[in-house]
Amino acid sequence: MRLNSPQINLITKACLKASRSLIRDFGEIENLQVLAKGPGDFVTSADKRTEKILIEELQKAHPEYGIVTEETGVINKSNIENRWIIDPIDGTMNFLNGVPQFAISIGYEEKGEIKCGVIFNPIMNEMFIAEKGNGAYLNNSRIRVSNKKKIKDSLLVTGGPKGASKIKDKIYSEYINVSNNVSNIRKFGSAALDMAYVACGRFDGYWQRELNYWDIAAGLIIVKEAGGFADFFEEDVNLPLKKNILATNSNIHKELSELINQKTY
Ligand code: IPD
Ligand code: CA
Ligand code: CA
């Protein structure tokens, strides 16, 4: 593998370190203290522990960098040039239920652009990694998006709505509309891994509303470096950390985007 920026080395090391306690916690799920954060959304002591290790490791090298995390919020607010975007466990609901579909996700952003990222599923031992201009990898092998050309043959993945969503009707009718035009749709419960799976060709495309930036920051560069296309739709300039994402193998991007923009509700 030829990825060698200092940032990617740091992220990889931090992920590996944090994953040790995460794997232990996953083995002891029933003993974890679970706190309700809101409907359909839980935070565990494992989320917090993992995030603490990640922040400590990354700050050792760059105490001055900004950090945007799910559990702690924004650290070093004034540094918007260099930021780590962290989700310590993406797929907490799966984690809590003993389903091994969750990941640590970290993106490194420079002047508003994600330059490199890592998505690591420690249970499956799958590390997706990419750096701008240097391709995307799963463990040590180069990955590419699928070459499916027609949306009607495509296998897509999506997620949501959250329990507290106010736009459930819209999300469900959009789902029906997309589902009528593709081969099939999956829902796996980890936005980061959904992006990573598009990058390595397991899925042809992914879309989802009501996400947070940390869910998909690392995935953006991994999909792009694997030859895919990822962009946001219906952005709200007042809520820069809230995102609606569309990520595909490029070939089906236009068609999927049109299906999502069709008013079906
Ligand atoms: C969640 C996952 C899930 C998505 C939710 C996210 P979390 O993140 O990415 O796939 O549907 O919208 O909040 O809470 O497990 O970090
Ligand atoms: Ca998440
Ligand atoms: Ca999380």
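1. Isoleucine 89 counts as buried, because its relative accessibility is 1% and the cut-off for buried is under 20%. Keep in mind that this is a predicted model.

2. Ile89 is also a calcium donor. The protein donors of the calcium ion (ligand 3) are Glu70 (OE), Asp87 (OD) and Ile89 (O). They lie 2.1 to 2.3 Å from the ion. Note the atom labels: Ile89 is listed with O, Glu70 with OE and Asp87 with OD. Along the chain, these donors follow the spacing E-x16-D-x1-I.

3. Now take the other ion. Asp87 (OD), Asp90 (OD) and Asp215 (OD) coordinate the calcium ion (ligand 2). The distances run from 2.1 to 2.3 Å. Here the spacing of the donors is D-x2-D-x124-D.

4. Which residue bridges the calcium ion (ligand 2) and the calcium ion (ligand 3)? Aspartate 87 does. The two ions lie 3.7 Å apart.

5. Is aspartate 87 buried or exposed? Aspartate 87 has a relative accessible area of 1%, so it is buried. Aspartate 90 is buried too.

6. Next, the domains. The domain assignment gives domain 1 as 6-142 and domain 2 as 151-261. Their C-alpha centres are 20 Å apart. In contact are 38 residues of domain 1 and 24 residues of domain 2.

7. How much area do domain 1 and domain 2 bury between them? The value is about 2,300 Å². Carbon and sulfur atoms carry 65% of it. Three residues stand out on the domain 1 side: Gln101, Ile119 and Phe128. They supply 24% of the area that domain 1 buries against domain 2, more than any other three residues. Why quote an area at all? The size of an interface is often given as the accessible area lost when the parts come together.

8. Polar links also cross between the domains. There are 10 residue pairs in polar contact between domain 1 and domain 2, both residues at pLDDT 80 or more. The salt bridge count between the domains is 1. Separately, glutamate 126 forms a salt bridge with arginine 202. The closest N and O atoms of that pair are 2.8 Å apart.

9. Which elements give two or more residues to the side of domain 1 that touches domain 2? They are β3 (66-69), β5 (82-90), β6 (103-110), β7 (113-121), β8 (126-131) and β9 (136-138). β7 gives the most, with 7 residues.

Key. Residues numbered from 1 in each chain as written. Chains lettered and ligands numbered in written order. Predicted model: local features only at pLDDT ≥ 70, side-chain atom pairs only at ≥ 80, totals over all residues. Heavy atoms only, no water. Donors = N, O, S within 2.8 Å, 3.2 Å for Na, K, Ca; no water. Buried < 20%, exposed > 50% of the residue type's maximum accessible area, 1.4 Å probe, protein only. Domains from an automatic or database assignment. Contact = heavy atoms within 4.5 Å. Buried area = accessible area lost by both parts, 1.4 Å probe. Salt bridge = Lys/Arg side-chain N within 4 Å of Asp/Glu carboxyl O. Polar contact = N/O pair within 3.5 Å; in protein donor to acceptor, adjacent residues only side chain to side chain. Helix = DSSP H or I, 4+ residues; strand = E, 2+ residues; numbered from the N terminus.
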